[in-house]
Amino acid sequence: MRKAEHDWLRNGEILKLKKQALKKNLEKIDSYVTGEWRRKGIKGLVIFSCLEVDFWQVYELPVGLRSSLIIGDEPHAKELVALLNEFKRFCVVSVSRKKARFFTVGLNEIEEHQGVMVDEWVPDQVKEGEWASLRQSRIARHIEDHVLHHLKDIARLTYNFFVEHKIDRLILAGHKELIPRFRAVLHPYLQERVAGEFNAEPDTPLSEILKRSLLVEKEIQLREEEYLFNKLRNENHEGGLAVIGLRPTIEALMRGQADTLVIGDGQSRQGFVCYKDHYLSVGSGDCPVCGDALHESSDVIEDMIHLALNQNVQIEHLTHIDEFREKDKYGALLRFGL
Ligand SMILES: [Zn+2]
């Protein structure tokens, strides 16, 4: 950052007022990062700052980002948006025979939603005298009817909650014997979106719910990454629906073939571009569209991500598969083969 600050402030083209404003913003960011901010397990930090209009936003992320300082008229939010898209929002429903608790989990944070608590009466036991004339099994069935009714109520609330909070996935928590029964009464739309389950008591602390939810999330992520990786590998042939490696990936993007851009390593990499024609290349040369010499780009990966975002291409990160992260690094799933 110091170097960027130095370069920018020395740049004669920038007006004096702008320079002063810029200096103030950079000082604030610097004092925040070196002062009050504590890392505590946070791997990525995104700060938006425009003190002139009182705009200051800090996002702490569980994943690392390439360090960069971007100065412009608009917030440079594209990468952040792409990143946030990758982190699915989870809803955790903890069910017991008497109540339900609802939580949302996103970006390593958990929140309990008190407003949707269900606390309906389900009889624990039935007094002997009251049911003296009935056989024990009927008493049991009476209780079970209540439980089923209660589970259906929770299922209905879960559906509303899911839609209202724009949730992607559902995690079920509760007693082992209750979870399958709850799952069975869920709306089919929700059944398809169950990411996993774990045992929990009605009073399991929030931190514990978060810990177990993140384990489920991690497992899901790993499964999805393996699926994506296998798809890349299997379709990476002539006429296939995937490419692997930087050059083929860039070429597929420029042909409008890419459906999903897959990134294993987000480190900066030098490349060549024609910004006018959105032409990217690993090697130097002339732009095939306008014929001008290509500009050197200090980070062709960033350019590639921009190109993908502009084309509405989905961006996925494969961070758990070493082979892809260290060797292939880049790839794309294609809409059509050639
Ligand atoms: Zn050009």
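This is a predicted model: local features need pLDDT of at least 70, side-chain atom pairs count only at pLDDT 80 or more; totals for chains, interfaces and linings use all residues.
Visitor: What sort of pair do Y32 and W56 make?
Guide: An edge-to-face one, because the ring planes stand at 80 degrees, and over 60 counts as edge-to-face. The ring centres of Y32 and W56 are 5.6 Å apart.

Visitor: Which parts of the chain does that pair tie together?
Guide: Y32 is in helix α2, residues 16–36, and W56 is in strand β2, residues 55–61. The pair therefore ties together parts that are 24 residues apart in sequence.

Visitor: Is Y32 buried or exposed?
Guide: Y32 counts as buried, because its relative accessibility is 12% and the cut-off for buried is under 20%.

Visitor: And what about W56?
Guide: W56 has 24% relative accessibility, so W56 counts as partly exposed.

Visitor: What lies over the face of W56?
Guide: K28 does, at 4.2 Å from the ring centre.

Visitor: Where else does a charged residue lie over a ring, say at Y189?
Guide: R193 lies over the face of Y189, and the distance to the ring centre is 3.7 Å. Y189 also belongs to a cluster with Y159 and F162, linked by ring pairs.

Visitor: Back to pairs. How are the rings of F102 and F161 arranged?
Guide: They form a tilted pair, with 45 degrees between the planes and 5.1 Å from centre to centre.

Visitor: Why does that pair tie together separate parts of the sequence?
Guide: Because F102 lies in strand β4 (residues 100–106), while F161 lies in helix α4 (residues 136–164). The parts tied together are 59 residues apart in sequence.

Visitor: Are those two buried or exposed?
Guide: F102 is buried, at 0% relative accessibility. F161 is buried too, with a relative accessible area of 2%.

Visitor: New topic. Where is P202?
Guide: P202 is in the loop between β7 (194–199) and α7 (206–235). With 30% relative accessibility, P202 counts as partly exposed.

Visitor: What is P202 in contact with?
Guide: Leaving aside neighbours within four places in sequence, P202 is in contact with S96, K99 and R101.

Key. Residues are numbered from 1 along each chain as its sequence is written. Side-chain values use heavy atoms; hydrogens and water are left out. Rings of Phe, Tyr and Trp (its six-membered ring) pair if their centres lie within 6.5 Å; planes under 30 degrees apart count as stacked, over 60 as edge-to-face and the rest as tilted. Helices (H or I, at least four residues) and strands (E, at least two) are DSSP runs, numbered from the N terminus. Buried means under 20% relative accessible area, exposed over 50%, partly exposed in between (1.4 Å probe, protein chains only). A charge sits over a ring if NZ of Lys or CZ of Arg is within 6 Å of the ring centre and within 35 degrees of the ring normal. Contact means heavy atoms within 4.5 Å.
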